[in-house]
Amino acid sequence: MSVDLSGLSLFPATPQQTTEARRRNLHEWGTGLSLEEHLARDASQELFEGSHDGRFVTWVLAPRHDPQTLDFKCACETFKRTGLVVNTKGAASEMVTCYGIASVFTPPEKRSQGFAHHMMRLLHWIIADESLLPYAEFPAAWGAPPPKVDGTRNGRFSALWSDVGEFYSACGPFPGKQGGWIVRGASTTVWDVDASSIPARTSTDWTWLDDSGVSNLWEEDAEFIRQDMEKNDSPGISFTFLPTHGVASFQHRRLDTFLQRLDDPPQIWGVVSSEHSTYATWMIDPRPPAPRTLTVTRLRAKLQNLAEAVGKLLEVAKKHDVKRVEIWNLPAGLEPLAGNLGATTYLRKEHIPAFKWYGKEPETDVSWAFNERFCWC
């Protein structure tokens, strides 16, 4: 049966709708939790630093005549963030507003009717900078544009991490099957911890970092990211999220419910060399049935010190009975050495990064810098 999508629009969820959206996705993202634990875990993320000041919003696709109904069609979440954009070689970076998108979910009984597809098409009109996607261009066949919400309509780019392949590439801001989020960079480098040996120690001094330590490091890291982007000699435009303001810390805090069940919960989330030229931060996922995994959230290393950094990762992994160490989008120049150190590199099939650029430049001229785990949401 054909559904008139023009009768639907995208609205910020009421507290009751937010709870209902979380109830619906229990079986998708609440593995190992009771409903009460799942709701408490999701509610707790509203208190994270990255959610403050309206930066975290749940959205629902609902009838225009009844926007607060609990019988909404589907839901998603957005995290407003700070990013950097560099236009040309040697140019100064520009700090911009950008968005991470998460928890896109349609209940089974409402699927195959185009709801998720339409919700994601409308989402562009919520988050894109209004000078780049003006309401005057909103497709008439979709009815009126979504109502503007304070603090939105200001994004230069957005990103999501897809578990449904390239579905979101067809969710553009205009009718048709293109113009949506473009998949870019799903390379994954993995070490089997039990089969790996810790490289011989060297004279380098390393410092382990707790929660406050990695927060301080990410402030320093943001400046390194800016410097590296401005020195990059690649043509075109590059963009990145920044790890500060709770973006990177979200990775391990999101898993705190599971980590506190361990006999020896991790307290260390990073390591840095004495001169701060090399460092790594991580999260540890202990949820069964998957093997316990340490995923590196941010890595800064060169050929001459990668082996030492990997050694520190394996050291903390063995301490916490971790079976896999995983790095997203290791720089291509480091992949051969990682292979010599026992790693395997492949393209993963889940959490696939995809971005939408709202500028006028073609996306073929746009690159995603530092496309690592720290910005996942």
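The legends below describe close-up views of a predicted model.

**View 1. Helix α1 and its buried side.**
In helix α1, which spans residues 15–24, the buried residues are Gln17, Thr18, Ala21, Arg22 and Arg24. These residues lie on the same side of α1, because they cover an arc of only 160° around the axis. The exposed residues Pro15 and Gln16 are carried by the face of α1 that is turned away from this buried side. Among the elements that cover the buried residues of α1 are the strands β1 (8–12), β2 (56–63), β3 (74–86) and β4 (94–105), together with the helices α2 (26–29) and α3 (35–44).

**View 2. Thr58 in strand β2.**
Thr58 is found in strand β2, and with a relative accessible area of 7% this residue is buried. When residues up to four places away in sequence are not counted, Thr58 touches Phe11, Pro12, Ala13, Thr18, Cys76 and Glu77. One of these partners, Thr18, is also one of the buried residues of helix α1.

**View 3. Trp161 and the nonpolar cores.**
The largest nonpolar core of the model has 72 residues, and those with the most contacts inside it are Trp161, Phe241, Trp282, Leu294 and Leu299. Leaving aside neighbours within four places in sequence, Trp161 is in contact with Arg81, Ile101, Phe241, Trp328, His351, Ile352, Pro353, Trp368, Cys375, Trp376 and Cys377. Apart from this core lies another, of 30 residues, which includes Leu10, Val57, Leu61 and Val104. In soluble globular proteins, nonpolar side chains tend to be buried together.

A disulfide is a covalent bond between the sulfur atoms of two cysteines. With a cut-off of 2.5 Å between the sulfur atoms, the count of disulfides in this model comes to zero. Cys74 is in no disulfide, and the nearest cysteine sulfur, which belongs to Cys76, is 7.6 Å away. Cys74 counts as buried, at 0% relative accessibility. For Cys98, the closest cysteine sulfur is that of Cys375, and the separation of 9.2 Å is too far for a bond. Cys98 is also buried, with a relative accessible area of 0%.

**View 4. The second largest pocket.**
About 600 Å³ of space lies in the second largest pocket. Its lining is made up of 24 residues, of which Leu299, Asn329, Pro331, Phe370 and Glu372 are the closest to the centre. The elements that give two or more residues to this lining are the helix α5 (211–231) and the strands β12 (293–300) and β16 (366–368). Leu299, one of the residues closest to the pocket centre, is also among those with the most contacts inside the largest nonpolar core.

Most residues other than glycine have a negative phi, and most peptide bonds are trans. The peptide bond from Pro288 to Pro289, by contrast, is cis, with omega near 5°, and Pro289 has its place in the loop between β11 (279–285) and β12. Ser112, a residue other than glycine, has a positive phi near 65°. Ser112 lies in the loop between β4 and α4 (115–127), where this residue counts as exposed, at 81% relative accessibility. Phe370, likewise a residue other than glycine, has a positive phi near 55° and lies in the segment after β16.

Terms used:
Residues numbered from 1 in each chain as written. Predicted model: local features only at pLDDT ≥ 70, side-chain atom pairs only at ≥ 80, totals over all residues. Heavy atoms only, no water. Buried < 20%, exposed > 50% of the residue type's maximum accessible area, 1.4 Å probe, protein only. Helix = DSSP H or I, 4+ residues; strand = E, 2+ residues; numbered from the N terminus. Arc of directions from axis to C-beta. Contact = heavy atoms within 4.5 Å. Core = buried A, V, L, I, M, F, W, Y, C linked by side-chain atoms within 4.5 Å. 1 Å grid on protein atoms, 1.4 Å probe; cavity = no way out; pocket = protein on both sides within 12 Å on 5 of 7 lines; lining within 4 Å. Points joined across faces, edges and corners; volume = space filled by probe spheres on them.
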